[in-house]
Amino acid sequence: MTVSPEPQGRALGSPRGGTGLLTVATVFAVLWLAAFAGALLWGPVPLAPGDVLAILAGIAGDSGGAGPAPGETVILAIRLPRALLGMAVGAALAVAGAALQGLFRNPLADPGLIGVSTGAALAAATAIVFGGTIMAAVPFLSPGLVIPVAAFTGGLVVTLVVYRIASRDGRTEVATLLLAGVAVNAIAGAGIGLLVFVSNDQELRDLNFWMLGSLGGVTWDRLLPALPIILAPALALPLLARHLDALLLGETEALHLGFPVERCKRWIVGLCALAVGGAVALTGVIGFIGLVVPHLVRLLVGARHGLVMPLSALLGSALLLIADLVARTAALPAELPIGIVTSCIGGPFFLWLLVRGRHGGTW
Amino acid sequence: MLAAADIHVRRAGRRLLTGVRVCVEPGETVALIGPNGAGKSTLLHVLSGAIRPDYGSVTLNRTPLTALDDKEVARHRAVLPQTPELGFPLTVRDVVALGRSPHAGRSSRSADARIIAAAMDETGIGHLRHRLYPTLSGGERQRVHLARVLAQVADGDDQADGRGRYLLLDEPTNNLDIAHQQHAIETGLRFSRRGNGVVVVLHDPNLAAGYADRIVVLVGGAVLTEGPPEAVVTEELLREAFGVRAMVHRNPSSGRPFMVPNHGSSAMTPDSRAKSQRSSPCSSP
């Protein structure tokens, strides 16, 4: 006699689960606000919530006068840009993950599968190891921007290569896209390995840190140009929610329903490459957010992309901010790479999902 | 009328369809039968517009499909896939509601809701509406997709031009027990009686003979013969198209032909069949 704990496999997203959906959204929103507050309040310099609010009100109202409040530099120059970056990157990775899992009809797809992350990593590693030469070649680029620009470009170029390999006669084979992504990732991985091999000690440290990801050291002049690149695609992807729902049935079925399938695929891959490329350019490779967050959301509200993508954005933001809190406070005064934190939490969680999935649950 | 004229399709050097001509009128059910690999599914995909023929054209009410907007086509014809698969946790109602997507922005929410509910009732899956698709059995899944395609071509408040809609069903009886097979076919038949056209790919000549207005027999990528069931389902045709020996009888109540495979006259004689039954491992002591 088997006892199923699943109540008939219902989804909260169904009309009868309306209250459940509201609860999930509320919990995510509260978590998100708490994570944002924590990101501003928590750190080596203790700040009272009132002071932080006063500082934030200061920029909003642009009061001027009064003189710098205590901790104003800490908030405005360090914690606020870092928190904004974390929010944007968390949202972008999670939404891109949800979109690509839908496109590939595979719950195990990760934003990195289209080659954008390793492409960016390869370019960034090249910039780290041969930075001097590159800077001599493009003198108009300020030194702080060389690595992000290289990473962003590298990510897009590699995604384009993967996409072209999988396309023939104006059609893109999604299965080939996935396999080409795996192969190109392996090649780029070898390139990175080679760069690690020829790098000196300092370069190696930089490389290592970049490969494991970090929100640290972000400045307004790096953040501001990147924010729209990261956020605009993350906000645009949910507009394709119906298309993604239809693609879950299969490409032919989506075509029969009148959806412009090929155009859709180009948009999804393009928007994901922009969002993830922009994110990776500033933070390095951060694993598991894009894989685990959409999973968790689907488990709670079902698979409709109109719900999955916005809620993934919210949860991805919150979880990345929380992971960053852990990363910067767990080993004070040093800082852990955030990729270690997300993988440490995400890995076991994912295993739990897999084991649970085998007991008759669904993705 | 949905019509395909002089269709030629080649893929990877193989001729899949050569000079095929087939059409379906409003109010008519056309069955496509033929042996495996005869090109039935390919022809259905050509009719749907998913496969562009190398030569020939498909027209919907005399306009080539290629000249019509994809959404416009989708509002007039729907396709039931052969192997519907979906591993993500959409609810049954979500899947059926996807059928209304070509009407987005044209049909009102209340009309859509009514159509979705009616389609689920018609295929008998109303009680499954909140179930997650991956938890369903094969037969239930098939019925969910049948409801989805019915919802797709149902008249909402956005189109009442009185023109027929078309359903293309690719082996709708797969995975179904006899009762549900009958139910699925009859659902298609009811749809056609409301002034719509149905093209249905069937494996079982008896289902085709029992329900279709017209049968098209496809062999080797070409139409071998077509016509009403009485004219098509004959002992010669079954031998020629399928390579089977069968006896054809008449259903005493409907007058339609049905076939009985003639096991006795081929390799298996009644005597050897009895022997093989006796020696089957299950019955041995």
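Helix axes are lines fitted to C-alpha atoms over the stretch in contact, and angles run from 0 to 180 degrees between N-to-C directions. Two packed helices are described by the angle between their axes and the distance between the axes. Helices (H or I, at least four residues) and strands (E, at least two) are DSSP runs, numbered from the N terminus.

The model is predicted; local features need pLDDT of at least 70, side-chain atom pairs count only at pLDDT 80 or more, and totals for chains, interfaces and linings use all residues. Residues are numbered from 1 along each chain as its sequence is written, chains are lettered from A and ligands numbered from 1 in the order in which they are written, and side-chain values use heavy atoms, with hydrogens and water left out.

In chain A, helix H3 (residues 72–103) packs against H10(A) at an angle of about 35°. The axes of H3(A) and H10(A) lie 8 Å apart. Contact is taken as heavy atoms within 4.5 Å. From H3(A), A:Ala99, A:Gly102 and A:Leu103 meet A:Leu244, A:Leu247 and A:Leu248 of H10(A). By class, this contact has five nonpolar, one polar and no charged residues. Here Ala, Val, Leu, Ile, Met, Phe, Trp, Tyr, Cys and Pro count as nonpolar, Asp, Glu, Lys and Arg as charged, and the others, Gly among them, as polar.

Salt bridges were searched for over the whole structure, and 15 were found over all chains. The criterion is a side-chain nitrogen of Lys or Arg within 4 Å of a carboxyl oxygen of Asp or Glu. One of them joins the side chains of A:Lys265 and A:Glu251 (2.8 Å, N to O). This pair links distant parts of the chain, 14 residues apart. A:Lys265 sits in helix H12 (residues 261–283) of chain A, and A:Glu251 in helix H11 of chain A.

The interface between the chains takes 29 residues from chain A and 31 residues from chain B. The area buried between them is about 2,600 Å². Carbon and sulfur atoms give 65% of that area. Buried area is the accessible area (1.4 Å probe) that two parts lose on being put together, summed over both. One salt bridge is counted between chain A and chain B. It pairs the side chains of B:Asp94 and A:Arg304 (3.7 Å, N to O). On the side of chain A that touches chain B, the elements giving two or more residues are helix H10 (241–249) and helix H11 (251–256) of chain A. H10(A) supplies the largest share, five residues. By class, this side of chain A has eleven nonpolar, ten polar and eight charged residues.

Chain B contains an open sheet of six strands, in the order S6-S7-S8-S3-S9-S10, with mixed pairing. Two strands pair if DSSP finds at least two bridges between them. Strand S6 (77–80) and strand S10 (222–227) of chain B are the edges, each pairing on one side only. The twist averages 15° from one strand to the next. Helix H5 (residues 138–152) of chain B packs on this sheet. H5(B) touches S6 and strand S7 (166–170) of chain B, and its direction makes about 175° with that of S6(B). Helix H6 (residues 178–193) of chain B lies across strand S3 (29–33), S7 and strand S8 (197–201) of chain B. H6(B) runs at about 155° to S8(B). Strand S9 (residues 214–219) of chain B runs antiparallel to S10(B), joined by five bridges. B:Val216 stands opposite B:Glu226, and B:Val217 stands opposite B:Thr225. Two residues lie between the strands of this hairpin, where B:Gly220 takes a positive phi near 55°.

A four-strand open sheet of chain B has the order S2-S1-S4-S5 and antiparallel pairing. Its edges are strand S2 (14–24) and strand S5 (63–64) of chain B. Seven bridges pair S1(B) with S2(B), with B:Ala3 partnered by B:Cys23.
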